[in-house]
Amino acid sequence: RVDARLNKEIWVGDPNYGTTIQDALTAISSNQTILGVPAGTHSISGNLIVPSNVTLRVERGATLAIPQGVTLTINGGLKAGLYQIFACTGTGKVVFGQPGGVKELVPQWWGAKADGATDDIIPLQAMVDCAVASGGLNMFVPHGT
């Protein structure tokens with residue numbers, strides 16, 4: 001869309017930028033851009049670095065699937081609400097490589113429900129692991145049980 005490009009925002013799936021996050025990052029190159037990730041599962045097939053010139057905006061319903069042994073490193077910004085955006089399998093992980101990309105991590109990004117019925121230990125541990133691997137990011141646990 002022309003209006004999105006004028007605001008330096010593109011979306012995964014835009015025909016000019018490819019169908020995957022990797023394709024979009026390659027097309028973006030060094031341009032300062034917001035990369036919108038629409039609803040659906042977006043598989044990260046190998047280690048991937050989101051450069052500092054790209055801010056990921058992950059929409060509700062979008063999931064970045066990170067398989068065993070794969071690391072997603074986010075050096076730019078991240079915009080997402082209190083909903084799941086990461087689905088890590090086994091040793092798959094997320095790391096924030098540069099300070100200032102995010103102010104704090106929330107367990108909902110890894111699937112925590114905070115509903116008093118769901119066991120949230122795995123999402124909480126994934127958040128802690130990310131904070132440690134990222135050099136000690138702040139963590140925020142919103143209201144819930």
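Student: Which residue forms a salt bridge with Glu 9, and how far apart are the closest N and O atoms?

Tutor: The partner of Glu 9 is Arg 57, and the closest N and O atoms of this salt bridge are 2.5 Å apart. The term is used here for a side-chain nitrogen of Lys or Arg within 4 Å of a carboxyl oxygen of Asp or Glu, and by this rule the count comes to one salt bridge. The pair links distant parts of the chain, since Glu 9 belongs to strand E1 (residues 9-11) and Arg 57 to strand E5 (residues 54-58), 48 residues apart; strands are DSSP runs of E with at least two residues, helices are runs of H or I with at least four, and both are numbered from the N terminus. Glu 9 is buried, with a relative accessible area of 15%, whereas Arg 57, at 23%, counts as partly exposed; buried means under 20% relative accessible area, exposed over 50%, and partly exposed in between, with a 1.4 Å probe and protein chains only.

Before going further, some conventions: this is a predicted model, in which local features need pLDDT of at least 70 and side-chain atom pairs count only at pLDDT 80 or more, while totals for chains, interfaces and linings use all residues. Residues are numbered from 1 along each chain as its sequence is written, and side-chain values use heavy atoms, with hydrogens and water left out. The pLDDT, the predictor's confidence in each residue from 0 to 100, averages 91 over the protein, and 94% of the residues score at least 70.

The structure holds zero disulfides, a disulfide being a pair of cysteine sulfur atoms within 2.5 Å. For Cys 88, the closest cysteine sulfur is that of Cys 130, 8.3 Å away, which is too far for a bond. Cys 88 counts as partly exposed at 31% relative accessibility, whereas Cys 130 counts as buried at 2%.

Finally, there is an open sheet, in which three strands follow the order E4-E7-E10 with parallel pairing, where two strands pair if DSSP finds at least two bridges between them. Strand E4 (48-50) and strand E10 (93-96) stand at the edges with a single partner strand each, so one side of each is left without a neighbour in the sheet. Three bridges join E4 to strand E7 (residues 71-74), and Leu 48 has Leu 72 as its bridge partner in E7.
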